[in-house]
Each structure stands twice: as structure tokens, then as C-alpha cells.
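Got a fold on the screen and want to talk it through?

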Amino acid sequence: MNCYQQYIVPRLTHFAMRQNYLVPFRRRVVGTAEGNVLEIGIGSGLNFPLYGATVTSVIGLEPSSQLLRMADTRASDATVPIRLLNVSAEAIPLDANSIDTVVTTWTLCTIPDAPRALAEMRRVLKPAGRLLFVEHGRAPEPGVARWQDRLDPLWSGLAGGCHLNRKMDDLIANNGFRIDTMLNVRLPGPRTHTFLYEGSARPA
Ligand SMILES: C[S@@+](CC[C@H](N)C(=O)[O-])C[C@H]1O[C@@H](n2cnc3c(N)ncnc32)[C@H](O)[C@@H]1O
């Protein structure tokens with residue numbers, strides 16, 4: 001890992017993700033979490049203060065040590081116990097059927113082997129558990145999607161491995177989940193970066 005990826009990308013990630021206009025999405029997703037929660041790719045821990053009384057505990061998983069350090073300072077703002085794991089989602093060191101809710105917010109875009117990570121999320125989820133997500137991804141307009149494909153190699157190099165063109169509903173549904181609810185929202189900003197998929201899914 002070079003200096004840019006190790007030191008600059010975590011700071012850029014925190015800056016990009018702490019924007020106020022993302023908070024209503026975070027509140028909706030995190031607000032419906034229940035029981036023992038596993039949050040994938042916690043970044044700087046911006047969701048921690050939003051976990052409420054329906055949540056027993058949160059395990060926060062994050063492969064970047066720099067982001068994990070930022071998240072550690074924010075864990076004290078939480079009203080629920082938080083345990084941090086410095087690991088990747090492709091190999092989750094938790095027992096099968098041990099988690100009630102998996103949360104991902106703007107993370108499936110960045111995980112290198114997202115199908116493997118989703119298989120792991122499904123493994124650790126209880127049969128009646130839920131995956132709650134808000135992610136950006138492939139836009140429905142063919143012209144925008146073509147630009148996402150063109151820009152993706154450059155953007156991915158600049159933005160710590162984030163991909164613009166993953167079709168999140170297909171990714172989730174093709175890797176062990178049945179989508180229960182899903183909403184597409186367009187944020188303000190460049191159309192290549194602002195098409196959101198927000199929803200919930202259960203193990204198929
Ligand atoms: C755009 S940031 C989003 C951070 C956070 N979820 C939020 O909402 O602020 C993408 C996150 O995915 C994490 N990530 C990248 N590869 C990962 C992997 N293999 N497993 C888990 N998380 C990963 C990054 O380190 C980063 O924290």
C-alpha cells in the first residue's frame with residue numbers, strides 16, 4: 001500500500017462521508033437495525049451515534065487501521081457497546097448464525113470481492129436476520145452507465161478502490177439474499193456518483 005492509499009485516502013473518505021446530506025440516509029438505515037449488529041466497513045464510525053435502543057451491541061469491521069483509529073474515538077459517542085475488528089469483509093471472524101442485522105452504508109462499492117463478502121454476511125446472519133444497506137451504484141440511464149464504466153478505472157485508483165458501476169440490487173440478490181424493500185434515490189451532484197440503492201434484504 002502506498003502513502004496516498006495509507007494516509008490520504010482515509011482522510012478523504014472521512015471528509016466525503018461526513019457530509020450532512022448523507023445523515024437522513026444513515027438515520028433511516030441504522031434506525032431500523034435490531035439486536036446484535038455487524039456493520040461492514042465502518043470507516044470513521046459516522047453511524048455509531050445513530051444506533052438506538054433496539055440495538056444490543058455493534059461489531060464494527062474495518063480493514064483500514066487509520067479509519068479504525070478514527071472510529072475508535074467516535075465509539076465513545078455511542079449509546080450501545082461497540083467492538084471493533086481490523087479485518088476485511090471477505091473473511092469475517094464470527095460464528096455462523098450469530099448476527100441479527102448486518103449494516104452496510106456506502107461500502108459494497110469498495111470491497112474488492114463483494115460476492116465473497118456477501119456470502120460471509122449471509123453466513124453470519126441468523127436465518128431471520130436482515131441486511132440493511134444504502135449504497136451508490138450503477139445508474140439506470142444507459143448514457144450515464146457508459147460514463148460510469150469509462151471513469152471507473154480512474155476513479156477507483158483515486159478513491160481507495162471505490163467502484164462507480166456496481167448494480168447493487170443484482171449484486172445483493174445474486175449472492176444469497178432476497179431483497180424485501182428497495183428505494184432508488186438520486187442525490188445532487190455528478191450523475192455518475194449519485195444514484196443510490198437503499199433497502200433491506202434477508203438470507204434467501
Ligand atoms: C466510502 S467508505 C464508507 C465508510 C462508512 N461505511 C460510512 O458510511 O461512512 C468505504 C469503506 O469500505 C471499507 N472497505 C474497503 N474494503 C473493505 C473490505 N474488504 N471489507 C470491509 N470494508 C472494506 C473502506 O475501508 C471504507 O471504510
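Q: In which sense do β1 and strand β2 (residues 55-61) pair?
A: This is a predicted model, so keep that in mind throughout. β1 and β2 are joined over 6 bridges, and one spot to look at is Ile40, which stands opposite Leu61 in β2. The sense of the β1 and β2 pairing is parallel.

Q: How many bridges join β1 to strand β4 (residues 99-105)?
A: Look for Val37, which stands opposite Thr101 in β4. β1 and β4 run parallel. The number of bridges joining them is 4.

Q: How many of the 6 residues of strand β1 (residues 35-40) are buried?
A: Buried here means under 20% relative accessible area. Strand β1 pairs with β2 and is also joined to β4. It's mostly covered, and the buried count for β1 is 5 of 6.

Q: Which strand does β5 (residues 125-136) join through 6 bridges?
A: Start from His136 and look for its bridge partner, which is Leu196. The two strands run antiparallel. The strand that β5 joins is β7.

Q: What is the bridge partner of Ile179 in β7?
A: Strand β6 (residues 177-186) pairs with β7 over 9 bridges. That pairing is antiparallel. In β7, the partner of Ile179 is Ala201.

Q: Why is strand β7 (residues 195-203) described as largely enclosed by the rest of the structure?
A: β7 is joined to β5 by 6 bridges and pairs with β6 over 9 bridges. The enclosed label follows from burial, because the buried residues of β7 number 8 of 9.

Q: Is Arg202 buried, partly exposed or exposed?
A: Arg202 sits in strand β7. Arg202 comes in at 28%, so the label is partly exposed.

Q: How far is Arg202 from Arg178 in space, C-alpha to C-alpha?
A: Setting aside residues up to four places away in sequence, Arg202 touches Ala128, Gly129, Arg130, Gly176, Phe177, Arg178 and Asp180. Arg202 and Arg178 are 24 residues apart in sequence. In space, C-alpha to C-alpha, the distance is 5.3 Å.

Q: Is Gln66 buried or exposed?
A: Gln66 is found in helix α3 (residues 65-74). The cut-off for burial is under 20% relative accessible area. Gln66 has 12%, so it counts as buried.

Q: Which residues does Gln66 touch, not counting those up to four places away in sequence?
A: For a sense of the sequence gap, take Val9, which is 57 residues from Gln66 along the chain. Their C-alpha atoms are 9.5 Å apart. The residues Gln66 touches are Gln6, Tyr7 and Pro10.

Q: What is the phi of Asn97, roughly?
A: Asn97 is found in the loop between β3 (82-85) and β4. With a relative accessible area of 46%, Asn97 is partly exposed. Its phi is positive although it isn't a glycine, at about 55 degrees.

Q: What is the relative accessible area of Trp106?
A: Trp106 has its place in the loop between β4 and α4 (114-124). Its phi is near 55 degrees, a positive value in a residue other than glycine. Trp106 is buried, with a relative accessible area of 10%.

Q: What radius of gyration does the protein chain have?
A: The C-alpha atoms fill a box of roughly 45 × 40 × 30 Å along the principal axes. With 204 residues, a compact globule would come out near 17 Å. The chain agrees with that, at 16 Å.

Q: How many helices and strands does the protein chain come to?
A: From the N terminus on, the elements run α-α-β-β-α-β-β-α-β-α-α-β-β. The total is 6 helices and 7 strands.

Q: What share of contacts with a separation of 6 or more comes from residues 24 or more positions apart?
A: On burial, 47% of the 204 residues count as buried. Contact here means heavy atoms within 4.5 Å. The share from residues 24 or more positions apart is 69%.

Technical notes: Residues are numbered from 1 along each chain as its sequence is written. This is a predicted model: local features need pLDDT of at least 70, side-chain atom pairs count only at pLDDT 80 or more; totals for chains, interfaces and linings use all residues. Side-chain values use heavy atoms; hydrogens and water are left out. The radius of gyration is taken over C-alpha atoms; the globule rule is 2.2 Å times the number of residues to the power 0.38. Buried means under 20% relative accessible area, exposed over 50%, partly exposed in between (1.4 Å probe, protein chains only). Two strands pair if DSSP finds at least two bridges between them.
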